[in-house]
Number of protein chains: 2
Amino acid sequence: MRNLSIGARCSTLVCAALCMKAVTAFAADPLSDIRAFRTSHASEILEQYVEFLKIPNVASDRANIRRNAETIVAMMQRLNLSPRLLEPSAAPDAPPLVYGEWKVPKAKRTLILYAHYDGQPVNPAEWITGPFTPTLRTAPVTDGGTVISMSTASRLDPQVRVYARGASDDKAGVTVILSAIEALRSLHRQPTDNLKIVFEGEEEAGSPHLGDILRENRSLFAAQLWVVCDGPVHQSGKKQVIYGARGDMNVSLTVYGPNRPLHSGHYGNWAPNPAMRLARLLTSMKDEADKVIVAGWYDDVAPLGDTERRAIAAVSEYDDTLRRQLGLAATDSDRPLNEAITLPSLNINGMRSGNVGDQATNMIAQTATAVLDLRLVLGNDPQRQYEKLLAHVRSKGYYVIDREPTAEERLAHPLIATMMAKPGSYAAARTPMDDPFARAIGAAVRSSSDQAIVELPTSGGSLPLSVISDALGTRSIVVGIANYDNNQHSANENLRLGNLWDGIDLYAALLTHAPLSR
Amino acid sequence: MRNLSIGARCSTLVCAALCMKAVTAFAADPLSDIRAFRTSHASEILEQYVEFLKIPNVASDRANIRRNAETIVAMMQRLNLSPRLLEPSAAPDAPPLVYGEWKVPKAKRTLILYAHYDGQPVNPAEWITGPFTPTLRTAPVTDGGTVISMSTASRLDPQVRVYARGASDDKAGVTVILSAIEALRSLHRQPTDNLKIVFEGEEEAGSPHLGDILRENRSLFAAQLWVVCDGPVHQSGKKQVIYGARGDMNVSLTVYGPNRPLHSGHYGNWAPNPAMRLARLLTSMKDEADKVIVAGWYDDVAPLGDTERRAIAAVSEYDDTLRRQLGLAATDSDRPLNEAITLPSLNINGMRSGNVGDQATNMIAQTATAVLDLRLVLGNDPQRQYEKLLAHVRSKGYYVIDREPTAEERLAHPLIATMMAKPGSYAAARTPMDDPFARAIGAAVRSSSDQAIVELPTSGGSLPLSVISDALGTRSIVVGIANYDNNQHSANENLRLGNLWDGIDLYAALLTHAPLSR
């Protein structure tokens, strides 16, 4: 069927010769039937996606997490994907992994498609509309986008944005994978490879049980490659194939002042202020050029190879555009963005003591807390990186504990810090950029686009690729579909509808190894 | 009448001689009739106080502020105090000042009693029970105090605490002043001085209109001394007379990162993090010993006199006890607390960027904000102190503006800060410790207590004493009644009921210049 479809762009005589050649080999636009399917089914796809977004999906909200998993199972049953829920034996209450498969007769290799259905935590007060009240807008809120209803017109406008937690990260991944499969099923087309499908339910919580589930069901996960549908396309709008991801560790750090809040007039200058202590401690972690000066921070970093350096150099010219788009007169690092993210980071995710704005009061708080995000690269071990930070905090005179201090400890130690790594840390992973199966997938991604695509050795963001390779020895690549300005992990997360439609085309191409027709 | 009342403690033969002596001169316990009155009327006083606390009293909440003012007017009408509301002509919508008076035939001097009915802002999420749902507890929450009903027994237990915004600061002041007057009226006793009563409605907002109201109604406020009923007794539990107060200025400081929140993985190391920038900027303001190193910070400070130094030395031995109570192994300043508060301070009231705890997400925030509290001492001019801070921020490379930056400014300046002084700053003021009228009041305070009292040149907290002296040239002293551990300005503000009852006795003594009988 795909060999007979003629691309609309080949409708003039000018390209007749090219079209003839394409028809001889393969279709000029091998995705035209996919496009036709998802255009005619746009209403159903969008409605299913929006209903899915209404289910709260923070990993700690176990009741709603299960509702999400059951919703996905129902979708997969309709697609004949034999879905089942997998829980780790040691934590049956953990968010289940939804597993499914499509066995393809005569397929030589097996591909695992991965996405996750949980999302980052939410602070509803920061959202323009509720995080679980999906809302369509004509354009980004920040560009004056106004709320619109789900009219047919708006559904086909690629500029429309859907606002909700998980809209991009990563219910878009679930939706794109299932919609591409639905298109293939409806069009009676087969994937090139055997397919297995994995939808995780606690990726944003650090995938604490993924390794156990994989090890306990090893035979189910036999495959040659994982393709992870998570994250954005390149900032330029180009599609991208990413061969690795940074590891991640979150650390909570609290320092102490008086054991009850004090009036800042009666006690200011005399009682220690925890916010100032925290500011000083955080400042001690980076130099004026924002290089991390925690001892040994960069010691374990595996060097980049020539292929990786060339790939990074190929996209670095986009940095100036990005800087302008983000309103940045300067960046922390003189390195190109994609080189900077090959180094371990130390980022302040959040920092709080007392109140600001209308709720500010004249007081000295009892505590000040920061949450730090430690991104890890190839060579970093999470525990070793944590210990460097711990040694640094101790070197500043802090008595470091992993709980609230006792009354005795308060009186014995002038400087006390509570420091804890959140559960769910993992290391970085990279697949060699010359892996043959990965390169075939890259070629398929390229076939779905008019433009050149971006290929990079690693994502700055984290995905549990090392958890997969540690448990199974299997390699992974990342093919994201979201708009880069999706407010991923923040309030007002959104997906541009054009990226949803393009993503379905892309995954259909990827599943059928659609040829390079352009 | 008071000359005939015999203190209960003199009921044995052992003290008969003393009692005889007291009866000869004055009553042994000149406040026994006051105590009897407020004991027999405890229910009514407590109920009126609790009803008063139910009315939200943040100065910006104009509708409720007016309800508060009207409630006070009704109370004062019952006491025949000719109440009236005074608003500044330029801002008729501002929280009204409630004025009343009690003209005393043959009185030679006029005393103005001051308290305020507005409270600090609230963040309800931080309160154990709602800030405007007054709740009685058997003891402080932190000591395991449990909620109790308003039974008669609990009313007379001095350890009971009432939790609500304004419970101590400063609806306790309003309640104590009016209850003392009610006792005198009921007992047909006269104050020694003519009384004028002032209840301000925006003290916690920095008294932005108090000066205007005083100047516009100068004749109403003719008096020789203001007595301010606000703030706590000494930490030791001793009553205190304070001859001055620090001035105050709040400054909001915001620094910027990217123009939208970014994924900390994809952009961490490269996009500037505003929390780190703020931490670095705040750290630059103080040295490791917490001395302010903003250039010239301490330059204008008026030196203390010998009387002041002696008064401070007399109470400094209590600092070690206080340190232990507050769980502090060390303090910022090696100076005694009451000497430290004679210097200008720079305190971080609040500091925020992103989220912490369960709401933390892996992101780079757009902004980080701190609210700074600048306490001012004699010699400091608010505007001059602000300009020192402004020069400091500029010296760190910041482009400083008083609004959000434009897109052009973001691209032109690597470091941008929005810095603004909140309305309602004022300077410090001190009344000489040998002022005769003030000394007479001090003697009256002493007469209401078994213990020695504390006398200090200044409070660390701020009161608009300089606003009063600038407008009218009149001196002020401060006689607070709240328990020192009242969580003033924080969540879970509370008043110990024993302090309410003692406060009524104290103000009755103060109004009648009760003699030194013990």
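**Note on a two-chain predicted model**

1. Chain A can be superposed on chain B with an RMSD of 0.0 Å, by a turn of 180 degrees together with a shift of 0.0 Å along the axis. The two copies are therefore related as by a two-fold rotation axis. The contact residues tell a matching story, since the same surface serves both copies, and 100% of the contact residues of chain A recur in chain B. Please keep in mind throughout that this is a predicted model.

2. For chain A, the domain assignment gives domain 1 as 31-243 + 431-440 + 454-489, domain 2 as 247-304 + 344-421, and domain 3 as 308-341. Taken over C-alpha atoms, the centres of domain 2 and domain 3 of chain A are separated by 29 Å.

3. Turning to chain B, there is an open sheet of four strands, in which the order is E5-E4-E6-E21 and the pairing is antiparallel. Its edge strands are E5 (147-148) and E21 (494-496) of chain B, each of which pairs on one side only.

4. Which strand of chain B pairs with E21(B) over three bridges? That strand is E6 of chain B, covering residues 161-163, and its pairing with E21(B) is antiparallel. As one detail of the sheet, B:Tyr163 stands opposite B:Asn494, which lies in E21(B).

5. Helix H17 of chain B, made up of residues 497-512, packs on this sheet, where it touches both E6 and E21 of chain B. The direction of helix H17 of chain B makes about 65 degrees with that of E21(B).

Definitions and conventions. Residues numbered from 1 in each chain as written. Chains lettered and ligands numbered in written order. Predicted model: local features only at pLDDT ≥ 70, side-chain atom pairs only at ≥ 80, totals over all residues. Pairing = 2+ DSSP bridges. Helix = DSSP H or I, 4+ residues; strand = E, 2+ residues; numbered from the N terminus. Contact = placed C-beta atoms within 7 Å. Axes fitted to C-alpha atoms, helices over the stretch in contact; angles between N-to-C directions. Least-squares fit on C-alpha atoms with pLDDT ≥ 70 in both. Domains from an automatic or database assignment.
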